[in-house]
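Thanks for coming, everyone. I have one structure to walk through today. Take a look at it first.

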Amino acid sequence: LQLVDLAGSERVAKTGASGTTLGEALHINRSLHFLELVITRLHERLSAKAGKAGRGGGKDTHVPYRNSMLTSVLRDSLGGNCK
């Protein structure tokens, strides 16, 4: 079981963040974007294996785990390789 604290993910313009807080918010939002991308690609891979119309016509879909530290750390949990 892995818990991830994603507190601080907010719209920068709405909060008026600046300086260090702005940098942290940008990193969190970027990590969330890459997490969404990984989950989408995993779904596409699963759909292609099930015979549905997936991206690439059923070819193996690349899952970009290495785009962020968050997705790298959660790789085994997200990809179904947990033991």
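**Helix H2 and its neighbours**

Let's start with packing. The buried residues of H2 pack against helix H1 (12-15), H3 and helix H4 (75-79). Before I go on, a reminder: this is a predicted model.

Which residues of H2 are buried? Here is the list: Ala25, Ser31, Phe34, Leu35, Val38, Arg41, Leu42, Glu44, Ser47 and Ala48. Keep Arg41 and Glu44 in mind. We come back to them.

Now the length of H2. Its 30 residues should span 44 Å at 1.5 Å a residue, and the end C-alpha atoms are 44 Å apart, so the two values agree. After H2 comes Gly51, with a positive phi near 90 degrees.

Let me step back to the whole chain. The protein has four helices and zero strands. Along the sequence, the pattern reads α-α-α-α. There are 83 residues, and 23% of them count as buried. The accessible surface is about 6300 Å². Carbon and sulfur atoms account for 53% of that surface. On contacts: take those between residues at least 6 apart in sequence, and 39% of them join residues at least 24 apart.

Next, charges. Side chains of opposite charge can pair when their charged atoms come close. How many salt bridges does this protein have? The count comes to one. The partners are the side chains of Arg41 and Glu44, at 3.9 Å from N to O. Both residues sit in helix H2, three residues apart, which is about one turn of the helix. An α-helix has 3.6 residues a turn, so residues three or four places apart point the same way. Are these two partners buried or exposed? Arg41 is buried, and Glu44 is buried as well.

On to the loop between H2 and H3. I picked two residues there. Ser68 lies in this loop, between helix H2 (20-49) and helix H3 (69-73). Why does Ser68 count as buried? Its relative accessibility is 10%, and buried means under 20%. What does Ser68 touch, leaving out residues up to four places away in sequence? It touches Ser31 and Phe34. Both of those are on the buried list for H2.

The other residue is His62, which also lies in the loop between H2 and H3. His62 is exposed, because its relative accessible area is 58% and the cut-off is over 50%. Along the chain, His62 and Arg45 are 17 residues apart.

Rolling a probe the size of a water molecule over the atoms shows where empty space is left. The largest pocket has a volume of about 170 Å³. Eleven residues line that pocket, and the closest to its centre are Leu42, Arg45, Val63, Tyr65 and Arg75. Which elements give two or more residues to the lining? Those are H2 and H4. H2 supplies the largest share of the lining, with four residues.

Last stop, helix H4. Asp76 is found in this helix. Its relative accessible area is 44%, so Asp76 is partly exposed. Asp76 and Tyr65 are eleven residues apart in sequence. From C-alpha to C-alpha, the distance between them is 9.9 Å. Tyr65 is one of the residues closest to the centre of the largest pocket.

To sum up, back to H2. Its buried residues pack against H1, H3 and H4. The one salt bridge counted joins Arg41 and Glu44, both in H2. And H2 gives the largest share of the lining of the largest pocket. That's it from me. Over to you.

How values were computed. Residues numbered from 1 in each chain as written. Predicted model: local features only at pLDDT ≥ 70, side-chain atom pairs only at ≥ 80, totals over all residues. Heavy atoms only, no water. Buried < 20%, exposed > 50% of the residue type's maximum accessible area, 1.4 Å probe, protein only. Contact = heavy atoms within 4.5 Å. Areas by Shrake-Rupley, 256 points an atom, 1.4 Å probe, with all protein chains shown as cover. Salt bridge = Lys/Arg side-chain N within 4 Å of Asp/Glu carboxyl O. Expected span 1.5 Å × (residues − 1). 1 Å grid on protein atoms, 1.4 Å probe; cavity = no way out; pocket = protein on both sides within 12 Å on 5 of 7 lines; lining within 4 Å. Points joined across faces, edges and corners; volume = space filled by probe spheres on them.
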